[in-house]
Amino acid sequence: MTYNLNKQYRCTIIRGKSISKMDDLLPVYAEILNEICPISAKSFSSIFDKNLSQYIKDEAKTIKNHRTENAGKLLAMYFEKDGIIYASERTKKFLKDNDQPAFFKSVCFNFQQPNGSQKIQTTKEKITNKIKLKPYHFILSLLKIANDNEIVLTKHELGFYALNSLDVLQGKIKAISVYNKIIKDRNQNINRRVETEGKAYSYAMQHINEQFDYLELANLIRKDSSNIRLNAKEHKAVELFINNLDTKIGFDIYKYDFTQEKIGKQISTDWQEYYGNISEIEEKKFHTEIQSLEDKPTKSPISPMEIGDEGENFVLNTEKEIVKSFNPRLVNKVNHHGKTRGLGYDITSIEAKRNIENPEFLRYIEVKATKRVHPPDLSSTYDTVNFTRNEWVAAQQHSEHFYIYRVYFTSKGIFLKIIKNPYLKNTEGKLYAAPLMYRVEFNDNAIDENHKFLYHE
């Protein structure tokens, strides 16, 4: 088939709210859903919005959009069935593994055009134009070809030749054909870009740029100015996307009778349940290894392990270095208790140079780790972690000697936030511990120390 570049089509997605803060917002959405679901659909909106307003101080309309657009339509973190709202399988998995890139890999993997997240008029228009594509699968396939040929593509090229091309969106054109056309135009100094009549270029690229944002949150690409490059360290996940490009779209939206009354609601409900599901193969191939987050080449592979183990190992080694610099003879006082059940803490260390008067006083450390692409904002913090009953009892028992070490593995290094005596801070109102599992919520007022560690080459 002839690849007609003149056939351009603005194939939009739902606009995200605060997409630059999505790494921060995801655990907040998840913990709220974990706390309130399952819940009656009639009560869900008001209770979710009330809980979210504790974190986001904004007008009611914005809070609502976080629930409907972000947590709902974009991320499929919940779905409705028989009048009850349930947390999706994707959300439940994230609550267990704290692997944010894996969460966004799942979002990208299940996404398709057309889908059930938009207004029925928009969906009908896409069906009329015979749109049928897994856009993230296609972009990764195109980037893989470019990577194999040591070529870096731009977001402008990917937008015009792929995400805004009607032929591509109809599933008629192979990625290799798009790549060849881009290179041919480059060689002839032909520059093309997406345009929308009567609108600024930023408007024309809005939905395209946001699709790159989600691929970046999934740790599958890296953005460098206008350049988009494949994260080759995520080869297992990328391979899964590419291998599934030519399979049928997972949600058969073409089967619905659009003349039926309230068909839009039915499609939306069915899509939401499908979109938030995860498969066994995703569980295996979407796990995010630490070295895949690093921008720099990694000399030696890191064995995959649970996020909790990775965080505990990092803190253990960090504490040993601190104690060693104070007094090498005292390093044996830094011990790992992560496999000992019921203690309520993971590591014991000593104060060392952090407390000159009582350097050998113990620190009881509970480690809470997560993986995310973007670093946490050191000037504005909202986050949540789960505590078991034993952990909260230990926080009360050891009080000023008990610490939460919140570890963030990111593409820019490892970030550590330390909270001393969370039990006291809870009574002071500096953080909030809800006694369902003891979900600890904190902001800048509770942070005692901020640290950043560069990855070792």
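**Salt bridges, a strand and a helix pair**

Me: What does Lys-21 form a salt bridge with, and how far apart are the closest N and O atoms?
Reply: Lys-21 pairs with Asp-24, and the closest N and O atoms are 4.0 Å apart. Keep in mind that this is a predicted model.

Me: Are those two buried or exposed, or something in between?
Reply: Lys-21 is partly exposed, with a relative accessible area of 23%. Asp-24 has 9% and is buried, because buried means under 20%.

Me: Which Arg forms a salt bridge with Asp-24?
Reply: That's Arg-372, with the closest N and O atoms 2.8 Å apart. Arg-372 sits in the loop between β9 (362–371) and β10 (383–386), while Asp-24 is in helix α1 (residues 22–36), so the pair ties together parts that are 348 residues apart in sequence. Arg-372 is buried too, at 3% relative accessible area.

Me: Which residues are linked in that network of salt bridges?
Reply: Lys-21, Asp-24, Arg-372 and Asp-377 are linked in it.

Me: And how many salt bridges does the count come to?
Reply: The count is 30. One of them joins Glu-366 and Lys-368, whose closest N and O atoms are 3.4 Å apart. Both Glu-366 and Lys-368 are buried.

Me: New topic, strand β12. Why is it described as largely enclosed?
Reply: Strand β12 (residues 413–420) has 7 of its 8 residues buried, so the rest of the structure largely encloses it.

Me: Which strands does β12 pair with?
Reply: Strand β11 (residues 402–410) runs antiparallel to β12, and 8 bridges join them. A hairpin of 2 residues connects the two, and Tyr-408 stands opposite Phe-415 in β12. Strand β15 (residues 449–453) also pairs with β12 in the antiparallel sense, over 5 bridges. There, Lys-417 has Asn-450 of β15 as its bridge partner.

Me: OK, helices now. How do α7 and α11 cross?
Reply: Their axes come within 11 Å and cross at roughly 75°, and the helices are therefore roughly perpendicular to each other. On the α7 side, Pro-135, Tyr-136, Ile-139 and Leu-140 make the contact; on the α11 side, Gln-211, Phe-212, Tyr-214 and Leu-215 do. Those residues divide into 7 nonpolar, 1 polar and no charged.

Me: Last one: where is Lys-132?
Reply: Lys-132 is in the loop between α6 (120–128) and α7 (135–148), and is partly exposed at 43% relative accessible area.

Me: What does Lys-132 touch, not counting residues up to four places away in sequence?
Reply: Lys-132 touches several residues, among them Gln-113, Pro-114, Leu-169 and Tyr-254. From Lys-132 to Cys-11 is 121 residues in sequence but 11 Å in space, C-alpha to C-alpha.

How values were computed: Residues numbered from 1 in each chain as written. Predicted model: local features only at pLDDT ≥ 70, side-chain atom pairs only at ≥ 80, totals over all residues. Heavy atoms only, no water. Helix = DSSP H or I, 4+ residues; strand = E, 2+ residues; numbered from the N terminus. Buried < 20%, exposed > 50% of the residue type's maximum accessible area, 1.4 Å probe, protein only. Contact = heavy atoms within 4.5 Å. Axes fitted to C-alpha atoms, helices over the stretch in contact; angles between N-to-C directions. Parallel < 35°, antiparallel > 145°, perpendicular 65-115°, else oblique. Nonpolar A, V, L, I, M, F, W, Y, C, P; charged D, E, K, R; others polar. Pairing = 2+ DSSP bridges. Salt bridge = Lys/Arg side-chain N within 4 Å of Asp/Glu carboxyl O.
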